[in-house]
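Welcome! Take a moment to look over the chain, and then let us walk through it together.

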Amino acid sequence: MFLIDSHCHLDHEPMASDINATLMRAKEKGVKGFLTIGTDLSKIPLLASIAENNDDVFATLGVHPHEAEKTLPEKELYKVLTQESQHPKMVGFGETGLDYYYTHSPVEIQKASFKTHIEASLECDLPLIVHTRNADEDTIALLKEVGQGKAKGVMHCFSGNAWLRDQALELGFYISASGILTFNKAEELREVFKHVPLERLLVETDAPFLAPIPYRGKPNEPAFVVETAKKLAEIKGVEYDVIITQTTQNFLKLFSKARFSCV
Ligand SMILES: [Zn+2]
């Protein structure tokens, strides 16, 4: 079995100019599957080519809530998302969601963009990658209203409380652990993760951001997802191998369009 980094940004530096070596370092650590995440429509050709050129790299389509103001109106956005998702290596929609911490785009525009991603996800039967910060209630409300209980996906880089965890689990969502879980001050978050069932866990780096301990402060990269998986094993009181097997099975179940050569 091998680990899958369920959320990285291979189009960001320093990884972008050194993708082969980056993936090689990950593979040496047993991290053999990668999902590189869209943040803007202008990135689609680049992400598609990264995925085409590398066997076990898949990509997603989406507009990050920070970029929502700069993107297309809803109808056109919907059209681009649904059309581009026909690419064989595009396996999900996101990252999308709501960010009221930075509010780089106005709230109503973020909501409209999120709603459009949810609609595309229902139409194409592909999962959502949800980013939510300081917007727990609105995020859950939109997933319920627009998703009609049918939308599936992952709460990426989960740093929320028990309420958000339980709501997401009730909706059938997966919860993804990032390097934050290893931070000294993340005691409460580790407590929240204790009660996420094994069959709903994913692991990610969000590279190049949020490198786990002992790499904190360095640019993050997929190889480092091992540290998060080890911490998760400690929190859940299971062997590291159990986390590897389980998170990979979970990923394959959620992102069922992704076909890995190493499976
Ligand atoms: Zn991200």
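Two strands are said to pair if DSSP finds at least two bridges between them. Helices (H or I, at least four residues) and strands (E, at least two) are themselves DSSP runs, numbered from the N terminus. With that in hand, look at T36, which stands opposite A59 in β3.

Two notes before we go on. This is a predicted model, in which local features need pLDDT of at least 70 and side-chain atom pairs count only at pLDDT 80 or more, while totals for chains, interfaces and linings use all residues. Residues are numbered from 1 along each chain as its sequence is written.

**The overall picture**

The chain has nine helices and eight strands. Its C-alpha trace spans about 45 × 40 × 30 Å along the principal axes. The radius of gyration is taken over C-alpha atoms, and the globule rule is 2.2 Å times the number of residues to the power 0.38. For 263 residues, a compact globule would have a radius near 18 Å, and the 17 Å of the chain agrees with that.

How much of the chain counts as buried? A residue is buried if 20 or more other C-beta atoms lie within 10 Å of its own, exposed if 12 or fewer, and partly exposed in between, with C-beta atoms placed from the backbone. Of the 263 residues, 50% count as buried.

Two residues are in contact if their C-beta atoms, placed from the backbone, lie within 7 Å. Among contacts with a separation of 6 or more, 72% are between residues 24 or more positions apart.

**The core**

In soluble globular proteins, nonpolar side chains tend to be buried together. A nonpolar core is a set of buried Ala, Val, Leu, Ile, Met, Phe, Trp, Tyr and Cys residues joined through C-beta atoms within 7 Å. The largest one here has 70 residues, and those with the most contacts inside it are L3, F58, V154, I175 and A229. Setting aside neighbours within four places in sequence, F58 is in contact with L35, A51, K89, V91, F255 and A258.

**Strands and the helix between them**

Strand β1 (residues 3-8) and β2 run parallel and are joined by four bridges. Here L3 stands opposite V31 in β2. Three bridges join β2 to strand β3 (residues 57-61), and these two also run parallel. In strand β2 (residues 31-36), six of its six residues are buried.

β1, helix α1 (residues 19-28) and β2 make a right-handed β-α-β unit. Right-handed means that, with the strands pointing away from the viewer, the path from the first strand over the helix to the second runs clockwise.

**Two helices with two faces**

An α-helix has 3.6 residues a turn, so residues three or four places apart point the same way. In α1, the buried residues include T22, L23 and A26. They cover an arc of only 90° around the axis, which puts them on the same side of α1; the arc is that of the directions from the helix axis to the C-beta atoms. N20, A21, M24 and E28 are exposed on the other side of α1. What do the buried residues of α1 pack against? They pack against β2. After α1 comes G30, whose phi is positive, near 90°.

In helix α2 (residues 44-53), L47, I50 and A51 are the buried residues. Their arc of only 95° around the axis puts them on the same side of α2. The face turned away from that side carries the exposed residues P45 and N53. The cover over the buried residues of α2 includes α1, β2 and β3.

Most residues other than glycine have a negative phi, and most peptide bonds are trans. Here are some exceptions to look for.

| Where | Feature | Value |
|---|---|---|
| E13 and P14 | cis peptide bond | omega about 5° |
| G94 and E95 | cis peptide bond | omega about 10° |
| T103 | positive phi | about 45° |
| D206 | positive phi | about 60° |

P14 is in the loop between β1 and α1, whereas E95 is in strand β4. T103 is in the loop between β4 and α4; with 15 C-beta neighbours inside 10 Å, T103 counts as partly exposed. D206 lies in the loop between β8 (201-203) and α8 (225-236), and D206 is buried, with 24 other C-beta atoms within 10 Å.
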